[in-house]
Amino acid sequence: MFITQLSQLLILLWKLSSVFVIPLIMIAYVMLMSRYDANFTFADLDKGKNIHKWLVFAIYLAYLLLWNRSNKFVTEYLKKLQYS
């Protein structure tokens with residue numbers, strides 16, 4: 001029974017990850033850029049040059065592509081967990 005509930009929770013988290021990854025990408029991007037430019041903050045990303053916004057958007061689209069390609073396999077595996 002615990003495995004069934006855990007599997008359902010993991011399926012839900014997997015589906016929601018396509019939305020929850022956006023802030024993680026933005027935080028990671030700001031942390032990465034602050035290594036190269038110590039004055040780079042989230043405000044710079046928000047009001048800054050469009051290249052930063054396009055890069056974050058491109059990273060998100062790449063994640064969605066990866067998520068879409070692996071969604072079938074991940075959900076099948078988690079459903080196998082549920083019934084085993």
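## Aromatic pairs

A search of the whole structure, which is a predicted model, finds three aromatic pairs. One of these pairs is formed by Tyr29 and Phe40, whose ring centres lie 6.3 Å apart and whose planes stand at 75 degrees, so this pair is edge-to-face. Tyr29 belongs to helix α1, whereas Phe40 sits in the loop between α1 and α2 (42-47), so the pair ties together parts that are eleven residues apart in sequence.

Trp54 has a relative accessible area of 56%, and because a residue counts as exposed over 50%, Trp54 is exposed. Phe57, with a relative accessibility of 41%, counts as partly exposed.

## How helices α1 and α3 meet

Where do the two helices α1 and α3 stand in relation to each other, roughly parallel or roughly antiparallel? Helix α1 covers residues 2-36, and helix α3 covers residues 50-83. Their axes come within 10 Å and cross at roughly 165 degrees. Since angles over 145 degrees count as roughly antiparallel, α1 and α3 are therefore roughly antiparallel to each other.

The crossing in which α1 passes α3 is right-handed. When the residues in the contact of α1 with α3 are sorted by class, there are 20 nonpolar residues, ten polar residues and two charged residues.

## Residues along helix α3

His52 has a relative accessibility of 14%, and because buried means under 20%, His52 counts as buried. The side chain of His52 is joined to the side chain of Tyr29 by a polar contact of 2.7 Å, and Tyr29, as already described, is the partner of Phe40 in an edge-to-face pair.

Lys53 also lies in helix α3, but its relative accessible area is 36%, so Lys53 is partly exposed. Although Lys53 and Met26 are 27 residues apart along the chain, their C-alpha atoms are separated by 9.4 Å. Leu61, another residue found in helix α3, counts as partly exposed at 41% relative accessibility. The C-alpha atoms of Leu61 and Ser18 are separated by 9.9 Å, while the two residues are 43 residues apart along the chain.

The backbone atom in question is the oxygen of Met31, which lies 2.8 Å from a polar atom of the side chain of Ser34.

## Lys47 in helix α2

Lys47 is found in helix α2, and with a relative accessible area of 66% Lys47 is exposed. Lys47 and Thr75 are 28 residues apart along the chain, and their C-alpha atoms are separated by 38 Å. For Lys53 and Met26, by comparison, 27 residues along the chain go with a C-alpha separation of 9.4 Å.

Technical notes
Residues numbered from 1 in each chain as written. Predicted model: local features only at pLDDT ≥ 70, side-chain atom pairs only at ≥ 80, totals over all residues. Heavy atoms only, no water. Helix = DSSP H or I, 4+ residues; strand = E, 2+ residues; numbered from the N terminus. Buried < 20%, exposed > 50% of the residue type's maximum accessible area, 1.4 Å probe, protein only. Axes fitted to C-alpha atoms, helices over the stretch in contact; angles between N-to-C directions. Parallel < 35°, antiparallel > 145°, perpendicular 65-115°, else oblique. Left-handed = near helix turned anticlockwise from the far one by under 90°. Nonpolar A, V, L, I, M, F, W, Y, C, P; charged D, E, K, R; others polar. Phe/Tyr/Trp six-rings, centres within 6.5 Å; stacked < 30°, edge-to-face > 60°. Polar contact = N/O pair within 3.5 Å; in protein donor to acceptor, adjacent residues only side chain to side chain.
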